[in-house]
Amino acid sequence: MQTNFLSQQFNARSLAENSTACPANATICDGTSCVLPEDNFNRTLSVVLSTVLTIMLALVMFSMGCNVELKNFLGHIKRPWGIFVGFLCQFGIMPLTAFLLSLAFNILPIQAVVVLIMGCCPGGTASNVIAYWVDGDMDLSISMTTCSTLLAMGMMPLCLFIYTKMWTDSNAIVLPYDSIGLSLVALVVPVSFGIFVNHKWPAKAKIILKVGSIVGAVLIVLIAVVGGILYKGSWIISPKLWIIGTIFPAAGYTLGFFLARIAGLSWHRCRTVSLETGMQNTQLCSTIVQLSFTPEQLELMFTFPLIYSIFQLLFALLILGGYRLYRRYRVKTKTDVEKTAQIEDSKSTAKINGGFVPDEMK
C-alpha cells in the first residue's frame, strides 16, 4: 500500500511538472520535452527572415568572392591537393566521428541517425567568413565549400548508406537535392560576380570585402539568434545530444587541422581546412531531418542541428580570438606575416602538391 501511495504521489507530481513545463497547445509532451505547433507568428517570421538572410548571405558571398583571385582559384582546381585533403576531412573524418560518438554515448537509433546526417553534410558558408578573419586561404576556402556542396549530391547518400545500416534503412532518409542545388547556386553565382569585380576593379573589391566581412560576422550571430527564436518550443532534449553537439564540432576543427598539417599544407591552409571541416551546413541538416521524420520522432532530436550550430560558432570564435592574440603578441609587422605566408605557400605548393606559385616567388 505504501508503495502504491508513493507511486501515485510521484505520478501526480510528474503531471503537475509537465503541465507547467509544456504549454497546453503542445503537440508532443513527454516529461519536460515538448514540441509546439507552428503558429502564424513563427511561420511569418520564418518566411521574412529566410528572405532577408538569403539576400544578406548572397551579398556576403559576393564580398568573399572579391578576395578571390581567379588564377589562384584555378590553380587549386588544376592541382587539387588542398581540395582533396578537405574532401577526406569532410566526407571521411566527419561521418566517422559522428558514427564513433553515437556508439560511445549509446544514444537512441533515431538520435544516432541525426548525428550522422550532420556529419555527412557539406561545409557551411560561414566557414568562408571565419577563414577571412583568420587570414586563411580564401581561394581554397571557396573552392572547398563549392566542391563539398557539389560532391554532397553523391557522397551524402553513400556515407549514410554505410554508417546508418545498423540503426535504420537509409532509404527512409529524404535527401533534398533541390536544397543542395540551391545552396550551390547561392554560393557559386555571387562568388563568381565577386571574382569578376576583383579582376576588373581590385581597389573597389577591397572596400566591398571589408564591408562584407563585417556584415558576414553579424549574419552568423543573427542566424544563431533566429534559430533560437524559431525553435524555442523544443530546447530540452537528451543531455547526451548536448554533449555530442559540443564535442563534435571541436573534434572536426582539431582533426581537420592535424590531417591538413600531416598532408604538408601550410599553416594558413591548415586553418582553412580546419574551419571547412568543423563548420557544417546545419540548415541543410535541419531540412533533411524535418523531411525524414515524424513529429513524434522529431521530439527526440529536433534541435540537435541548432545545438551543433551554436557550438561550432562558439569554437570558431575561440579560434579567431586565439589567432588574433597570436598575431598581436607574436607577429611583429604585417610585412612579416605576408612574407611568412608567401614562403609557406610556395613550399607547400611547389614541394607538396605543385599548386599555384605566384610569379614573384618563382
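The chain holds 15 helices and 2 strands. Both are DSSP runs numbered from the N terminus: helices are H or I with at least four residues, strands are E with at least two. This is a predicted model, in which local features need pLDDT of at least 70 and side-chain atom pairs count only at pLDDT 80 or more, while totals for chains, interfaces and linings use all residues. Residues are numbered from 1 along each chain as its sequence is written, and side-chain values use heavy atoms, with hydrogens and water left out.

**Whole chain**

Start with everything shown. Of the 362 residues, 46% count as buried. Buried means under 20% relative accessible area, exposed means over 50%, and partly exposed lies in between (1.4 Å probe, protein chains only). Now consider contacts, meaning heavy atoms within 4.5 Å. Among contacts in the chain with a separation of 6 or more, 81% come from residues 24 or more positions apart.

**Stop 1: the largest nonpolar core**

A nonpolar core is a set of buried Ala, Val, Leu, Ile, Met, Phe, Trp, Tyr and Cys residues joined through side-chain atoms within 4.5 Å. The largest one has 39 residues. Select Val115, Ile117, Met156, Ile173, Phe248, Ile288 and Phe304: these touch the most other members. Next, colour the elements that give two or more residues to this core: H4, H5, H7, helix H10 (239-262), helix H12 (282-292) and H14. H5 gives the most, with 9 residues.

Zoom in on Ile117. Leaving aside residues up to four places away in sequence, Ile117 touches Leu160, Ile173, Cys285, Ile288, Val289 and Phe293.

Then move to a second, separate core of 23 residues. Its members include Met56, Phe73, Met138 and Leu209.

**Stop 2: the salt bridges**

A salt bridge here is a side-chain nitrogen of Lys or Arg within 4 Å of a carboxyl oxygen of Asp or Glu. The whole structure has 2.

Select Asp135 and Arg327. Their closest N and O atoms are 2.5 Å apart. Asp135 lies in the loop between helix H6 (126-133) and helix H7 (138-163), and Arg327 in helix H14 (residues 304-330), so the pair ties together parts that are 192 residues apart in sequence. Asp135 is partly exposed, at 26% relative accessible area. Arg327 is also partly exposed, at 25%.

Select Asp137 and Arg269 next. In this salt bridge the closest N and O atoms are 2.8 Å apart. Asp137 sits in the loop between H6 and H7, Arg269 in helix H11 (residues 267-278), and 132 residues separate the two. Are Asp137 and Arg269 buried or exposed? Both are buried.

**Stop 3: positive phi**

Go back to Asp135 and look at its backbone. Phi is near 55°, a positive value in a residue other than glycine.

Asn106 is another stop of this kind. Its phi is near 50°, again positive in a residue other than glycine. Find Asn106 in the loop between helix H4 (81-105) and helix H5 (109-120). Asn106 counts as exposed, at 61% relative accessibility.

**Stop 4: aromatic rings**

Rings of Phe, Tyr and Trp (its six-membered ring) pair if their centres lie within 6.5 Å; planes under 30 degrees apart count as stacked, over 60 as edge-to-face and the rest as tilted. The whole structure has 9 aromatic pairs.

Select Phe99 and Tyr163. This pair is tilted, with 5.5 Å centre to centre and 50° between the planes. Phe99 belongs to helix H4 and Tyr163 to helix H7, 64 residues apart, so the pair links distant parts of the chain. Phe99 and Tyr163 are both buried.

Tyr132 and Trp133 come next. Their ring centres are 5.7 Å apart and their planes stand at 75°, so this pair is edge-to-face. Trp133 is partly exposed, at 25% relative accessibility.

Now select Phe257, Phe258 and Trp267, which form one aromatic cluster. Arg261 lies over the face of Trp267, at 3.8 Å from the ring centre. A charge sits over a ring if NZ of Lys or CZ of Arg is within 6 Å of the ring centre and within 35 degrees of the ring normal.

**Stop 5: helix H8**

Select residues 177-200. These 24 residues form helix H8 and should span 34 Å at 1.5 Å a residue. The expected span is 1.5 Å times one less than the number of residues. The end C-alpha atoms are 34 Å apart, which agrees.

Finish by picking out the buried residues of H8: Ile180, Leu184, Leu187, Pro190, Val191, Gly194, Ile195, Val197 and Asn198.
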